[in-house]
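Open the model in a viewer and follow the stops below, selecting residues as they are named.

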Amino acid sequence: MRNILTKEFRLSASILAYLFILFGFMFFLPGYPILCGAFFSALGLFQSFQFAREANDTVFSALLPIAKKDVVRGRYCFVCIIEICTILVMVIPTVLRMTVWADSVVYRSNALMNANLFALGAAFVIFGLFNWIFVGGFYKTAYKLGRPFVTFIIVGFVCIGIFEALHHIPGMEWLDSFGTDNLGRQFILLLAGIAVYIVTTVLSCRKACENFEKIDL
Amino acid sequence: MNIIEVKDLVKKYPAFELKEVSFGVEEGRITGFIGRNGAGKTTTIKSMLNLIHTDGGSISFFGMPLSSNETEIKKRIGYSTGTVNWYPRKTIRDIVRVERSFYDSWDGEAYLKYMEMFGLDEDKTPLELSEGMKVKFNLLMALSHRAEVLILDEPTSGLDPFSRNELLEVFIELKKHGVAVFFSTHIISDLEKCADDIVYISKGRIVAAMPKDAFMAEHARPGETLEAAMLRMEGGEINA
């Protein structure tokens, strides 16, 4: 697995997949839908899939002395590493906004989602959807990128809209907590987001391995 | 002993079908896989590499079924195609650095030897290589991990006569070391120069799989060359 992951990083990946990790810093922005940071990181991964496809990466990988399912697992590992790096970048502004800038007027007057543990959990959900819809969808054919990505864009932005709207519903204001307010409930939502991410990614990877075995390359 | 055994291989496409393709490749022999464009050569080779899902039949290497020993088998075989462009903007050095990590049997000396023989430059990218040099690059990768079997899909296509001759000499040299070479081609003179055995496919069906001498004795008319015999057979007498 280490070898195939090395191949992903050295040969298959587009430079944009690495650069777009920095969109995690969008969690600094007040008055902006910060979950778009997760979407832009996913866009970098999409570029990487496109780059790899044009380089005949799938057939090259399938010819290597590894099981075909390891080709798929290697790609999922690469995707997860980029996503987790993006989340780690998001953690920096989140911690700053929850501590030193907890009382900042700019952030307090922000009508959109605040950067807190719930937002990080929501970012995990967006990445889980990407893995389920786009990565899993790609491995139905191992060359069609457009349809699964457009589907992800639609579902992803609907979810971003829902996450942004939730704290405006009466009784749900605590989702937009500042500082250490409602920390216990916020932490549970973060764990829930991680659970959704793990479940969608693992199930998607299993299905993609099955599909990839049946594809004619 | 057959190092590759293909038995009753079936693959169905809407407009084409491999019909119970069977043949064997012996250790230390050069087998030419011949047939016109669209006859089923590449489909057969892709099946042998598990790149496509077959509808029937079995493939084994070294006495082991491909279906349950894919990783072990792929470590012991080399594959090359003349037409595919892997990672066109990465340098040969970068591609090789990754590929070699997958093979315990990577032979650095052989790699340098063939690099020099083929006149390849590690700092070039596949995009900067001519078609012939791409073939040589693919061959370099296949030859550098001490493969016991080489499966080559039209390796001589796009090569100039000198390079083609050089390549066929490499096949003969490898054969002396016990390596089995199975290569598809539509250039019949390549077979005349170096093949021991011929597997002849037409319209998805194996017409002949036998030693070249036996093929000539059975199918060629007196004084006829292999090329003339095949052109005549392909011209309509196969099913006569």
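Select B:R146 and B:D107, which form a salt bridge with closest N and O atoms 3.3 Å apart (a side-chain nitrogen of Lys or Arg within 4 Å of a carboxyl oxygen of Asp or Glu). B:R146 sits in the loop between helix 5 and strand 7 (149–153) of chain B, and B:D107 in the loop between helix 3 (92–100) and helix 4 (108–118) of chain B, so the pair ties together parts 39 residues apart in sequence. Helices (H or I, at least four residues) and strands (E, at least two) are DSSP runs, numbered from the N terminus. B:R146 is exposed at 52% relative accessibility, while B:D107 is buried at 16% (buried is under 20% relative accessible area, exposed over 50%, partly exposed in between; 1.4 Å probe, protein chains only).

This is a predicted model, in which local features need pLDDT of at least 70 and side-chain atom pairs pLDDT 80 or more, while totals for chains, interfaces and linings use all residues; side-chain values use heavy atoms, without hydrogens and water. Residues are numbered from 1 along each chain as its sequence is written, with chains lettered from A and ligands numbered from 1 in the order in which they are written.

Next, select A:K7. A:D57 forms a salt bridge with A:K7, with the closest N and O atoms 2.7 Å apart. This pair links A:D57 in helix 4 of chain A to A:K7 in helix 1 (residues 2–12) of chain A, 50 residues apart. A:K7 is buried at 0% relative accessible area, A:E8 at 2% and A:D57 at 2%.
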